[in-house]
Amino acid sequence: MFKIGDKIFYPMHGAGEIKGIENKEVLGRTQPYYLINIPISNLNVMVPVKNAQKLGIRPLTDPTRLDEILITLHERYVDNDIPWKDRFKVIMEKIKSGNIQDTATIYKYLLDRSKEKTLNTNEKALLSKVHKFLISEICMIQNINENEAEHLLIS
């Protein structure tokens, strides 16, 4: 269970902070909800405490682990030889997992692909989404702004 002030990552939304835990009545049933602020999307969400794990909400990545991921990001090779339909399915599963290593791998793959040829509309949207997720987590872990996070990601 998270507590107020904990910094978390919410798959498909980005990094955020638990701003409160409140009991809310929904459909005649009262239960505790996390009140989560996700700054990169300017979004506030309420998530039932009991569903947080099922939704993949996790603590932010350890700063040391983040450094390892960023260092090895540029050394990775990703296979481009599978059909788009299959790639899209794998990519979406990885994004929904919320695993930062998977997100970084997808980012690297789509970035490399964009250097080889023009990305289709779906690929561009996915690249933008995973880029936003990585930036949001880097910002929160390192306590830096988006420009500084962008510099860490590309260097």
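Visitor: What makes the contact between Asp 112 and Lys 108 a salt bridge?

Guide: In this predicted model, the side chains of Asp 112 and Lys 108 come to 3.0 Å, N to O. The cut-off is a Lys or Arg side-chain nitrogen within 4 Å of an Asp or Glu carboxyl oxygen, so 3.0 Å for this pair qualifies.

Visitor: Why are Asp 112 and Lys 108 about one helical turn apart?

Guide: Because they sit four residues apart in helix 3. An α-helix has 3.6 residues a turn, so residues three or four places apart point the same way.

Visitor: How do you know whether Lys 108 is buried or exposed?

Guide: Lys 108 has a relative accessible area of 11%. Buried means under 20%, so Lys 108 is buried.

Visitor: What makes Arg 65 and Glu 68 a salt bridge?

Guide: The N-to-O distance between their side chains is 3.3 Å, and the limit is 4 Å, so Arg 65 and Glu 68 pass. Both lie in helix 1, residues 63–73, three residues apart, about one turn of the helix.

Visitor: Why are Arg 65 and Glu 68 called partly exposed?

Guide: Arg 65 has 34% relative accessibility and Glu 68 has 41%. The class lies between 20% and 50%, so Arg 65 counts as partly exposed, and so does Glu 68.

Visitor: Why is Glu 17 called buried?

Guide: Its relative accessible area is 19%, and the line is drawn at under 20%, so Glu 17 is buried. Glu 17 also forms a salt bridge with Lys 19, where the closest N and O atoms are 3.5 Å apart. That value is within the 4 Å cut-off.

Visitor: On to the strands. What makes strand 2 and strand 3 a pair?

Guide: Strand 2, residues 14–26, and strand 3 share nine bridges in the antiparallel sense. At least two bridges are needed for pairing, so nine will do. In this pairing, Ile 18 stands opposite Ile 36 of strand 3.

Visitor: How do you know that strand 3 pairs with strand 4?

Guide: Again by the count: six bridges join strand 3 to strand 4, residues 43–48, and the two run antiparallel. With a threshold of at least two, six is enough, so they pair. Ile 36 turns up here as well, with Val 45 as its bridge partner in strand 4.

Visitor: What makes you say strand 3 is mostly covered?

Guide: Seven of the 10 residues in strand 3, residues 29–38, are buried.

Visitor: What is found in the turns of these hairpins?

Guide: The hairpin of strand 2 and strand 3 has two residues between the strands, and Leu 27 takes a positive phi near 55° there. Between strand 3 and strand 4 there are four residues, with Asn 42 in the turn at a positive phi of about 50°.

Visitor: What makes Asn 143 exposed?

Guide: Asn 143 has a relative accessible area of 66%. Exposed means over 50%, so Asn 143 is exposed. Met 12, at 28% relative accessibility, counts as partly exposed.

Visitor: How do you know which side of helix 2 is the buried one?

Guide: The buried residues of helix 2 are Arg 87, Ile 91, Met 92 and Ile 95. They cover an arc of only 130° around the axis, so they lie on the same side of helix 2. What covers them includes helix 3 and helix 4. On the other side, Lys 85, Lys 89 and Lys 96 are exposed.

Visitor: What span does helix 2 reach against the expected one?

Guide: Helix 2 has 14 residues, and its first and last C-alpha atoms are 20 Å apart, close to the 20 Å expected at 1.5 Å a residue. Gly 98 follows helix 2, with a positive phi near 80°.

Note on methods:
Residues are numbered from 1 along each chain as its sequence is written. This is a predicted model: local features need pLDDT of at least 70, side-chain atom pairs count only at pLDDT 80 or more; totals for chains, interfaces and linings use all residues. Side-chain values use heavy atoms; hydrogens and water are left out. Buried means under 20% relative accessible area, exposed over 50%, partly exposed in between (1.4 Å probe, protein chains only). The expected span of a helix is 1.5 Å times one less than its number of residues. The arc is that of the directions from the helix axis to the C-beta atoms. Contact means heavy atoms within 4.5 Å.
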